[in-house]
Amino acid sequence: IAVTSGKGGVGKSSMTANLAAALAAQGLKVGVMDADIYGFSIPRMLGVDHDPQVIDGMMIPPVGVGGIKVISIGMFVPDGQAVVWRGPMLHRALEQFIMDVHFGALDVLLLDLPPGTGDIAISMAQLLPNAELVLISTPQHAAVDVAERAGTLSLQTGQKVVGVVENMAAMTLPDGTVLDMFGSGGGQVLAERLSEALSYPVPLLGSVPLDVNLRTGGDDGMPVVWGHPDSATAEEIQSIASQLLQSGESRAGQNLPLFV
């Protein structure tokens, strides 16, 4: 499952990390591939603090909280150093993550893609043509317009968009008032637009409210679904994870068509 967005700053990596944690909490074996080469953040969000091991030419991914296996370019560059690569290098990095990392027997592999429809999104579609897409957007309609373009890329790649997640939705303040920091309704609008453009139903999987615990959990390497499992945010993410398990076609026992 590739988690993508039209633009940056919508919480795509936070959703990836927390969906991984929610799936692991349901007893699944989960891996996360941080394919956001320039803006990698997954290792910190999942509490990974050591590098992969190499055995017989294969990389063994380190294990984060909850037994989640993680690979990221951030494990191979010094702290604070930028990755300055053009398209062919990006493609090669993703290719190595797919071919040379031994995840073992996983139930779910989540890919945290960079925003937009650039090199990584195209390479991912070539290398993992059966990967399904989840679109992340805020309720803001300006973000929805950009996310729609990311979703309609699937018309050219032949991949399936299995749902939309609205992040940073309305939050309830201590006095009971509701704050729509980024507006409202954008996730449903995006789902409806994609359903029309793609000619099949694209559901709104959930609407995740703004929550300071979601942010602090990412900084501390403790996803909110574990740190605050009874919160409205955690319950919504758990619901989204359960829907993802039901929406996709099982690949168990199948040889995936990998193209190099």
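I began with S5, which touches V10, K12, P115, G116, L135, I136 and A150, leaving aside residues up to four places away in sequence; contact means heavy atoms within 4.5 Å. I noted that this is a predicted model, where local features need pLDDT of at least 70, side-chain atom pairs count only at pLDDT 80 or more, and totals for chains, interfaces and linings use all residues. Residues are numbered from 1 along each chain as its sequence is written, and side-chain values use heavy atoms, with hydrogens and water left out.

I placed S5 in strand β1. Helices (H or I, at least four residues) and strands (E, at least two) are DSSP runs, numbered from the N terminus. S5 counts as buried because its relative accessibility is 0%; buried means under 20% relative accessible area, exposed over 50%, partly exposed in between (1.4 Å probe, protein chains only). I also found the side chain of S5 at 2.9 Å from the backbone oxygen of K7.

Next I looked up the sheet. Seven strands form an open sheet with parallel pairing, in the order β5-β2-β6-β1-β7-β8-β11. β5 (69-72) and β11 (204-209) are at the edges with a single partner strand each, so one side of each has no neighbour in the sheet. On average, neighbouring strands of this sheet are turned by 20° against each other, direction ignored. Axes are lines fitted to C-alpha atoms, for helices over the stretch in contact, and angles run from 0 to 180 degrees between N-to-C directions.

I then took one pair. β7 (residues 133-137) and β8 (residues 161-169) pair in the parallel sense over five bridges; two strands pair if DSSP finds at least two bridges between them. S137 stands opposite E166 in β8.

I turned to α1. This helix lies across β1 (2-5), β2 (30-34), β6 (108-112), β7, β8 and β11, and runs at about 170° to β6. Of the 14 residues of α1, 13 are buried. The end C-alpha atoms of α1 (residues 12-25) are 20 Å apart, which agrees with the 20 Å its 14 residues should span at 1.5 Å a residue; the expected span is 1.5 Å times one less than the number of residues. Just after α1, G27 takes a positive phi of about 95°.

Last, I checked I120 in helix α4 (residues 119-127). I120 counts as buried, at 4% relative accessibility. I listed its contacts, again without residues up to four places away in sequence: A35, I37, L90, L94, L113 and P114.

Definitions and conventions: Polar contact = N/O pair within 3.5 Å; in protein donor to acceptor, adjacent residues only side chain to side chain.
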